[in-house]
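Keep the structure open beside you as you go.

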Amino acid sequence: MTVSSSKSNFSRRKVLKTGAASVALTSALGIGPKFLNTSARASDYAPGMTGGPTGFPGAERYQYNESMAAGRAIAAMKKLKAEGKAPEKLVCAMADGAVGHFTKAHPAGAPTSLSVWEKETGVPIELVGIPLDDLYAKTLQDVTTKAGAYDIYCCLVNHFGDLADAGGLVNLDEYVAKHKPDWNDPENGVADNVYSLLYKYNGSVVGMSFDGDFWTTYYRKDLFGDPTHQAAYSDKYGKALAAPVTWDDCDNIAEYFHGTGIDGHTNYMGKVWGLGTWANRYVSRGNPNMYFFDLEGNPTIDSDAGIENTEKHIKYGSYSGNGACYTWSWFEAYGSMAAGTSAYANANTNLAKFLDRPEAKSEEWLTTTIGGKLDAAMPPGYQHGDDLVRRTVFYGNVSTGISSQSEHPEAAFLFNMWASSTTIYPWLSANPAGYMDPFQLSNFRDPMIIEAYHAYAMEIIQKTVNYAAPMLSLPGTQAMHQALDENIQACFAGTMDAKTAMQRTAKKWRKIVRKKGEDRMIEAIIADRKAWPTTVDKMPS
């Protein structure tokens with residue numbers, strides 16, 4: 001196993017901006033202890049198991065045999081090696097803040113996950129750490145220049161469309177049919193719409209998920225339960241102070257707490273990060289969804305709903321960071337919550353993982369003061385008659401794809417199939433050495449994950465997955481997101497009104513659709529609908 005980086009030096013600020021939480025400062029370059037367990041014997045495995053980690057209590061949960069997806073991947077790789085078809089090594093790009101999941105041993109006594117793979121297959125993995133902000137540019141550069149630097153790309157799920165459109169990703173349908181990964185296993189994997197969301201573009205599997213960026217609602221139960229706040233809020237808004245059910249509640253709660261002298265919320269509002277918050281509010285404006293495009297390829301964001309959504313988004317920003325939260329990344333948002341100066345947030349799943357802990361156990365990158373003060377709630381939405389359309393956004397997400405330039409695409413697929421299986425991935429996700437969050441059904445039953453992410457959040461996180469609407473994942477997505485982002489930021493800066501911003505964005509999106517080909521884009525838009533949730537609740541009485 002070797003670990004390298006596309007950059008030799010990182011500033012503290014740059015590393016933190018990658019989103020690498022607790023160990024970004026050390027694991028971004030793969031720095032950390034390496035544990036190679038070479039003494040494992042068959043007797044170390046649970047009865048009937050033939051592979052997986054050993055050496056720590058509970059290791060049997062992550063073990064497997066050839067009837068299981070992880071075991072099938074190992075067996076298939078061994079077969080390739082016996083036939084002389086295996087590579088000498090596989091080169092895998094990885095978001096630098098996620099490298100530690102593979103290179104740092106967890107828990108005590110465990111091997112590293114890469115050492116298990118290499119011991120069982122004899123095929124080394126070279127991990128190349130890349131800052132999250134650089135993933136798209138570096139991957140697209142490798143595709144367009146035919147450099148062939150990687151067998152496995154690391155990308156965000158939103159980039160599937162662009163990279164597939166550029167011919168950079170291998171269509172994995174053949175390998176899925178042949179080796180049968182367990183990603184959509186009904187007992188341990190994900191539901192069909194989530195499978196489309198996480199793994200597919202235009203109806204075919206092109207990527208593999210290594211994260212669960214389903215934004216989750218966390219709130220300060222000590223503040224919400226305070227009798228003084230309860231009485232004042234009820235007097236002002238005519239209803240009880242509770243976790244927000246609708247976006248109107250979000251606005252009221254944020255306004256109220258901001259009036260008490262703290263940040264009313266720490267939802268992401270800054271450049272790039274704020275796109276998810278804008279979309280989170282927007283997609284629940286329709287029943288069952290407000291889509292970004294209609295089925296004829298026309299953008300919907302310049303509609304009355306899109307314009308009003310932007311106006312409310314800008315107003316919402318005034319309740320946090322003294323109105324300057326539009327300059328914030330996730331780091332400032334987490335910092336406000338950690339310091340005890342925020343009421344609630346719709347944020348990445350791992351907010352509680354890193355902030356709900358005793359102050360003495362704070363991470364090096366951020367001191368938390370809110371241990372024991374958080375609770376989780378279902379995502380907010382909009383009322384449609386008697387219906388409540390709750391939605392969370394799915395934006396970002398560490399994913400992988402197989403480079404079309406790889407000389408060993410099947411071997412690369414097998415490594416990903418093994419590492420992202422419902423047996424091995426819970427072990428990876430529970431590792432505190434990075435920010436890959438749980439999303440598979442098997443994850444929510446795992447004791448180490450429950451301990452790390454807290455029992456009070458488990459049911460909420462699991463349910464939230466099924467309410468997650470995608471951001472764009474089409475050809476031209478990067479340019480579409482950039483146009484939307486720039487125009488929203490212009491609104492925050494006061495140089496553009498919401499109507500002009502949405503009209504200009506929609507005009508740019510229409511040009512991209514025409515450039516990419518209307519028929520092909522409409523086909524992709526129709527296929528994308530399969531990834532959207534249809535769950536609708538009834539408004540609580």
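A salt bridge here is a side-chain nitrogen of Lys or Arg within 4 Å of a carboxyl oxygen of Asp or Glu. This is a predicted model, where local features need pLDDT of at least 70, side-chain atom pairs count only at pLDDT 80 or more, and totals for chains, interfaces and linings use all residues. Residues are numbered from 1 along each chain as its sequence is written, and side-chain values use heavy atoms, leaving out hydrogens and water.

**Exercise 1.** Work out which side chain meets K79 in a salt bridge, and at what N to O distance.

Solution. Step one: the partner of K79 is E83, at 2.5 Å, N to O. Step two: E83 is partly exposed at 38% relative accessibility (buried means under 20% relative accessible area, exposed over 50%, partly exposed in between; 1.4 Å probe, protein chains only).

**Exercise 2.** Find the salt-bridge partner of D485 and say where both residues lie.

Solution. Step one: D485 pairs with K271 at 3.7 Å, N to O. Step two: D485 is in helix α21, whereas K271 is in the loop between α12 (247-259) and α13 (273-283), 214 residues away. Helices are DSSP runs (H or I, at least four residues), numbered from the N terminus. Step three: D485 is buried at 4%, while K271 is partly exposed at 49%.

**Exercise 3.** Explain how far apart E459 and K463 are along their helix.

Solution. Step one: both belong to helix α20 (residues 455-465). Step two: they are 4 residues apart, so about one helical turn separates them.

Definitions and conventions. Helices (H or I, at least four residues) and strands (E, at least two) are DSSP runs, numbered from the N terminus.
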